[in-house]
Amino acid sequence: MPAAPRAARDFPSSGLDPASFGFPRDLRLLEPAEFRFVFEQPERSQDAYLTVLARVNAKGYARLGLAISKKSVRKAARRNLLKRLARESFRLCRRDLGRLDFVVMARPAARDADRSLISKSLERHWKILVQRCDSRWCNSSSSID
RNA sequence: GGAGUCGGCCAGGCAGUCGCUGUUCGCGUUUGGCGCGAACGGAGGAAAGUCCGGGCUCCGCAGGGCAAGGCGCCAGGUAAUUCCUGGGAGGCGCGAGCCUACGGAAAGUGCCACAGAAAAGAUACCGCCCGGGGGGCCUUCGGUCCCCAAGGUAAGGGUGAAAUGGUGCGGUAAGAGCGCACCGCGCUUCCGGCAACGGAAGUGGCAGGGCAAACCCCGCCCGGAGCAAGACCAAAUAGGGGAGCAUCGGGUUUUCCCGAACGUGCGGCCCGCACGGCUCCCGGGUAGGUCGCUCGAGGCGCGCGGCGACGCGCGCCCCAGAUGAAUGACUGUCCACGACAGAACCCGGCUUAUCGGCCGACUCAUAUU
RNA sequence: GCGGCGGUAGUUCAAUGGUAGAACAUCAGCCUUCCAAGCUGAUUACGCGGGUUCGAUUCCCGCUCGCCGCU
């Protein structure tokens, strides 16, 4: 298999193609304003390791923001690992995440947790938040109609 | 092989798929930029703590001194150091080796609790001793015991962390460096060494405790801040400066000048006070962006000098530059089954964390040959 | 990333290198018919490891934990 099996032949000019597995800069939350947008009206999903917030955006694709604080995870190497795991999981699941903005935050238990536990936790949070936001959006739109 | 000392090195490897980031090249493009493709590069020995020393940048500054802070055996290395190397001294260890803030206590001040007579100009508590006075007893030239005041004495007791050189012999009323021998200490001379210091000889007769990580004295070093330094580009909004235009009337050829009116706020109203529209330009400057940003006291190899730290010469190499911050996930495979841990301007040190393994030099004990 | 400050009872703070103290809190007793107040007594601490010193909460060094400033 010499070439990558890319499904997006008619969409060659971007990693924004939801079916690809790339993770360019446009898919991240960078500005303080973008974070504020999510923090204002978030859907929240939380367990012992992570808190994940989500909100429907106007972009048409999912984006990820990371807020791994020094206070919750002391060691720099550990913080980098958590961020990598979050990016990786987001990258692989992105085709199912609609057009939500996510913010991932660490909780104290993430300091010592095994990396496979973190990955599972992330996938669970994606699923829960997508479901909640879908139902919310449908309800509000139907009431408008 | 066992126990141990010192020095150096490695920090999972390989293959595949999907991703992130920098440089170069090619192609496309709305040509600053963005996208796609390819090649190559992409965390550490501590990147950490920020404890020292520099480079670099800005600010301050004629020069010098004081203060504050730091350092402290000697010599050398270095851009520089509180670091490193070599040496000396003291201490620990059977040894290989290891450790040491290691100047000055007769420059001055201060402190040394409790205990003890006394904690620093020995002002003698218990003792010991000569002579004197009083008294008792006896075998009455005298001896012995008790008491008294004065004196001599640092050998002994006891206290303490520490008590005014140690041990021995002589000496003495008892004692004492009072004298002698050895050891320690000080001074002088000579010898070795760049020096710290060491050795030898002579001499003094003890010079007077400890603490300077107590104040201090002596010698040396030292301006302040830090890449969030600093430089540049610069939207929107508010505000500063300037120019022009704009409502009505009059003067006037025009430029322009004079007067009036209007809106908002304070107010019940009047007077009064304050603010006032549009366009363009200027400078300061926020968000944001660019530079600083990686070729350097650089690495590797060889040769030479030096005990060594290191230096010199030649050749070769380019080896992270991110900016919410890049190395991961999954699969297969091998093994010692993978610790501590993530660059943020850059170097040189120190300190701390650390799974396991390899190499070299050396010491000790035992056994065998 | 850079710079600075601190750690003492359960809490808030003291203390020349020589037995760590005060207030509040807790517990027990007295007082009161009972409670509160008051009185008496008790319990509980120098962040950790080295060094200097006869002796360290204090002086020095290294860790650790917490706080603040620069954006």
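A: A polar contact is a pair of N or O atoms within 3.5 Å. In this predicted model, a polar side-chain atom of Arg84 is 2.5 Å away from a base oxygen of RNA strand B. For Arg91, the partner is a sugar or linking oxygen of RNA strand B, at 2.9 Å from a polar side-chain atom. Two elements, strand S3 (63-67) and helix H2 (76-93), each give two or more residues to the surface near RNA strand B. The largest share, 7 residues, comes from H2.

The wider surroundings can be described next. There are 22 residues around RNA strand B, and those that come nearest are Arg25, Arg28, Arg84, Arg87 and Arg115. By type, the residues of this surface comprise 10 nonpolar, 3 polar and 9 charged. On the RNA side, sugar or phosphate accounts for 79% of the atoms of RNA strand B within 4 Å of the protein, and bases supply the rest.

This surface belongs to a chain whose overall plan is as follows. Chain A contains 3 helices and 4 strands, arranged along the sequence as α-β-β-β-α-β-α. Of its 145 residues, 38% count as buried.

Note on methods:
Residues are numbered from 1 along each chain as its sequence is written. Chains are lettered from A and ligands numbered from 1 in the order in which they are written. This is a predicted model: local features need pLDDT of at least 70, side-chain atom pairs count only at pLDDT 80 or more; totals for chains, interfaces and linings use all residues. Side-chain values use heavy atoms; hydrogens and water are left out. Buried means under 20% relative accessible area, exposed over 50%, partly exposed in between (1.4 Å probe, protein chains only). A residue is near a molecule or strand if one of its heavy atoms lies within 4 Å of it. A polar contact is a pair of N or O atoms within 3.5 Å; within protein, one must be able to donate a hydrogen and the other to accept it, and residues adjacent in sequence count only if both atoms are side-chain atoms. Ala, Val, Leu, Ile, Met, Phe, Trp, Tyr, Cys and Pro count as nonpolar, Asp, Glu, Lys and Arg as charged, and the others, Gly among them, as polar.
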